[in-house]
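Dear colleague,

Please find below the structure that I am handing over to you, followed by a summary of what was found in it.

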Amino acid sequence: LRALGKVDKTVVTLWYRAPELLLGSIHYTVAVDMWSTGCMFSELCQAHTSRALFPGEPKENPSETNATPPFEKDQCHKIFSTCGFPNESKWPDLTSFPKYNELDKMSAEHPYPTTSQVKLKINLPGDFSDANKKSCYDILGQMLALNPKKRINATAALSHKYFTSEFPLPSPKSLGKLDYPKNKPKPLSVEQMEKEKEKEKEWVNSGDGWGKRKHYNNPLNSNKRQKRY
């Protein structure tokens with residue numbers, strides 16, 4: 001638990017911001033990170049569509065970093081349309097949030113579902129088995145629980161049946177079309193790495209310098225290559 005004191009109160013990128021922060025919570029908990037993880041996990045599951053789960057339109061922020069951020073109505077709309085509208089029976093702390101009154105206005109303007117619609121909103125790949133889909137929707141529902149106290153934690157998520165059951169692994173098609181570099185260099189073997197490390201030690205200890213040709217040609221430093229001579 002961490003107070004949002006003098007830090008930026010928006011904390012997380014809007015599309016991945018937990019509902020408690022949108023409602024004005026002044027505390028940063030691990031549940032905030034789990035919500036963001038759930039949003040990103042849904043994108044990985046829908047890699048074939050390249051679609052974010054809650055792409056809300058941001059309001060213009062105040063000029064002062066520590067000023068109270070505006071109520072992000074569109075972002076809340078996206079969340080409640082998928083996860084259901086919050087109520088006190090499922091989220092007892094709901095009325096304690098500074099922006100709770102905004103919910104009455106939203107419910108009057110739009111008929112939101114009362115239960116989670118995650119299964120209808122997330123389009124899983126066709127090669128997911130029924131068992132894969134069931135466990136995937138289950139863990140997503142727990143990651144995206146509106147009440148942060150009921151949101152699954154990281155330890156429990158890693159032990160979830162989606163990651164532990166012996167279901168067939170997703171096929172390469174599940175990840176969509178990825179553009180890999182055509183001329184990707186081959187990785188060095190363990191033996192080659194050891195030899196190159198020994199060569200580098202010799203070059204450094206001999207005082208040959210970091211800008212000389214020998215260091216420039218060292219495969220271990222290919223990502224730092226700059227012609228300095």
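In which helix does Q75 lie? Q75 belongs to helix α3. Please bear in mind throughout that the model is predicted.

Q75 has a relative accessible area of 0% and is therefore buried, the cut-off for that term being under 20%. Beyond the residues up to four places away in sequence, Q75 touches L14, W15, L22, F54, P55 and G56.

F54 sits in the loop that runs between α2 (30-45) and α3 (73-83). With a relative accessible area of 1%, F54 is likewise classed as buried, because buried means under 20%. When neighbours within four places in sequence are set aside, the contacts of F54 are W15, W35, C39, Q75, K78, I79, T82, C83 and L144. Along the chain, F54 and L14 are 40 residues apart, and their C-alpha atoms are separated by 8.8 Å.

I turn now to the surface. A patch of negative charge is found there, where E191, E194, E198 and E202 gather. Of these residues, E202 has its place in helix α9, which covers residues 190-205. Is E202 buried or exposed? The relative accessibility of E202 is 53%, so this residue counts as exposed, the term being used for values over 50%.

Yours sincerely

Notes: Residues numbered from 1 in each chain as written. Predicted model: local features only at pLDDT ≥ 70, side-chain atom pairs only at ≥ 80, totals over all residues. Heavy atoms only, no water. Patch = residues over 30% accessible without salt bridge, like charges linked within 9 Å, V, L, I, M, F, W, Y side chains within 5 Å. Areas by Shrake-Rupley, 256 points an atom, 1.4 Å probe, with all protein chains shown as cover. Salt bridge = Lys/Arg side-chain N within 4 Å of Asp/Glu carboxyl O. Lys, Arg positive; Asp, Glu negative; His and termini not counted. Charge placed at Lys NZ, Arg CZ, Asp CG, Glu CD. Helix = DSSP H or I, 4+ residues; strand = E, 2+ residues; numbered from the N terminus. Buried < 20%, exposed > 50% of the residue type's maximum accessible area, 1.4 Å probe, protein only. Contact = heavy atoms within 4.5 Å.
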